[in-house]
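Let's take a friendly walk through a protein model together. Have the sequence and the 3D view ready, and follow along residue by residue.

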Amino acid sequence: MAQNKKARHDYFIEDTMECGISLAGTEVKSIRNGQINLKDSYVLAKNGELLLYGVHISPYTKGNIHNHEPFRVRKLLAHKREIKKLNALQQADGYSLIPLCAYFKDGRVKIELAVAKGKKLYDKRHSTAERDAEREMDRKLKEVSK
């Protein structure tokens with residue numbers, strides 16, 4: 001349903017896991033309509049819970065006065081041992097918990113969560129140069145095979 005495209009550009013992805021998310025009824029309807037934005041979102045582990053910040057889910061257009069708040073903090077659902085592991089990793093220097101994508105699995109909304117380490121500017125340039133070099137090699141191979 002939604003991708004955080006900027007996450008793979010700004011971070012080295014160390015590990016990923018799937019989490020459920022606690023939502024209100026109108027939020028699920030908005031997500032089904034594709035009205036979710038994961039850009040600039042992050043996760044914090046506090047008091048044995050995973051809390052998702054910065055996700056924008058647009059209010060449901062056909063909702064009533066009980067419609068949801070677009071930027072409210074949402075709780076992620078995971079096992080206690082997974083939360084403890086993620087909390088320990090988050091405490092390590094330079095690591096963050098970043099949502100990569102949101103999708104439906106068996107009718108439920110799931111969030112793919114990544115343990116990520118921030119890239120420096122020179123790392124981003126290096127990644128771009130590698131990607132460009134691979135594209136150039138693929139172009140040359142196509143020309144040779146013709």
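This is a predicted model: local features need pLDDT of at least 70, side-chain atom pairs count only at pLDDT 80 or more; totals for chains, interfaces and linings use all residues.

Residues are numbered from 1 along each chain as its sequence is written, and side-chain values use heavy atoms, with hydrogens and water left out.

Which residue does Glu49 pair with in a salt bridge? The partner is Lys75, and the closest N and O atoms are 3.4 Å apart. A salt bridge is a side-chain nitrogen of Lys or Arg within 4 Å of a carboxyl oxygen of Asp or Glu. This pair links distant parts of the chain, with Glu49 in strand 5 (residues 49-53) and Lys75 in strand 7, 26 residues apart. Helices (H or I, at least four residues) and strands (E, at least two) are DSSP runs, numbered from the N terminus. Lys75 counts as partly exposed, at 36% relative accessibility.

Now turn to Glu27, which forms a salt bridge with Arg74, the closest N and O atoms being 2.9 Å apart. Glu27 sits in helix 2 (residues 25-32) and Arg74 in strand 7 (residues 74-77), so this pair, too, links distant parts of the chain, 47 residues apart. Are these two residues buried or exposed? Glu27 is buried, with a relative accessible area of 0%, and Arg74 is buried as well, at 1%.A search of the whole structure finds six salt bridges. One of them joins Lys85 and Asp15, whose closest N and O atoms are 3.7 Å apart. Lys85 lies in helix 3 (residues 80-91) and Asp15 in strand 2 (residues 11-21), so the pair ties together parts that are 70 residues apart in sequence. Lys85 is partly exposed, with a relative accessible area of 48%, and Asp15 is partly exposed at 34%.

Finally, look at the backbone in two loops. Asp40 is found in the loop between strand 3 (36-37) and strand 4 (42-46). Asp40 has a positive phi of about 60° although it is not a glycine, and this residue is exposed, with a relative accessible area of 61%. Asp106 is found in the loop between strand 8 (95-105) and strand 9 (108-118). Asp106 has a positive phi of about 55°, again without being a glycine, and is exposed at 72% relative accessible area.

Technical notes
Buried means under 20% relative accessible area, exposed over 50%, partly exposed in between (1.4 Å probe, protein chains only).
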